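Student: Could you walk me through this structure, one question at a time?

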Amino acid sequence: MYMNDPLTPHPLWPFILALAAAVGFGLLAFRSRRNWVAWSLGGAAFGLVTATFASGLANAAAVPYTQAVRTSHQLIAAAVTIVIVGVTVLILSRDST
């Protein structure tokens with residue numbers, strides 16, 4: 001199902017985004033001399049919850065449609081989640097300096 005269409009996001013994309021969020025939040029905390037472990041865990045949780053929520057909504061919206069519609073909904077969900085997490089990291093990085 002996922003592997004036949006090269007444009008369909010891999011089912012692990014929420015976890016990959018959570019890892020990227022953990023790195024971003026951890027670096028943010030490290031530069032501001034805060035507890036980077038706690039910030040990394042919080043960033044990972046934030047990224048995973050946001051990505052999973054967006055992925056679930058995209059799947060639910062595409063249930064009565066074709067695989068092509070589901071693919072486009074998943075791509076949009078991934079892009080929106082990346083923007084939300086990125087903007088949050090940027091806002092927090094401006095606050096910590």
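Tutor: Gladly, and we can begin at the surface. This is a predicted model, where local features need pLDDT of at least 70, side-chain atom pairs count only at pLDDT 80 or more, and totals for chains, interfaces and linings use all residues. Residues are numbered from 1 along each chain as its sequence is written, and side-chain values use heavy atoms, without hydrogens and water.

Student: Which residues make the nonpolar surface patch?

Tutor: Nonpolar side chains (Val, Leu, Ile, Met, Phe, Trp, Tyr) are joined within 5 Å, like charges within 9 Å. Areas come from the Shrake-Rupley method with a 1.4 Å probe, and for residues only the protein chains shown count as cover. Here about 460 Å² is made by Phe30, Trp36, Val37 and Leu41.

Student: Which helix gives the largest share of the patch?

Tutor: Helices are DSSP runs (H or I, at least four residues), numbered from the N terminus. Trp36 lies in one of them, H2. The largest share, three residues, comes from H2.

Student: Is Trp36 buried, partly exposed or exposed?

Tutor: Buried means under 20% relative accessible area, exposed over 50%, and partly exposed in between (1.4 Å probe, protein chains only). Trp36 has a relative accessible area of 47%, so Trp36 is partly exposed.

Student: What is phi of Arg33 near?

Tutor: Arg33 lies in the loop between H1 (13–31) and H2. Arg33 is exposed, at 78%. Its phi is positive in a residue other than glycine, near 60°.

Conventions
Helix = DSSP H or I, 4+ residues; strand = E, 2+ residues; numbered from the N terminus. Patch = residues over 30% accessible without salt bridge, like charges linked within 9 Å, V, L, I, M, F, W, Y side chains within 5 Å. Salt bridge = Lys/Arg side-chain N within 4 Å of Asp/Glu carboxyl O.
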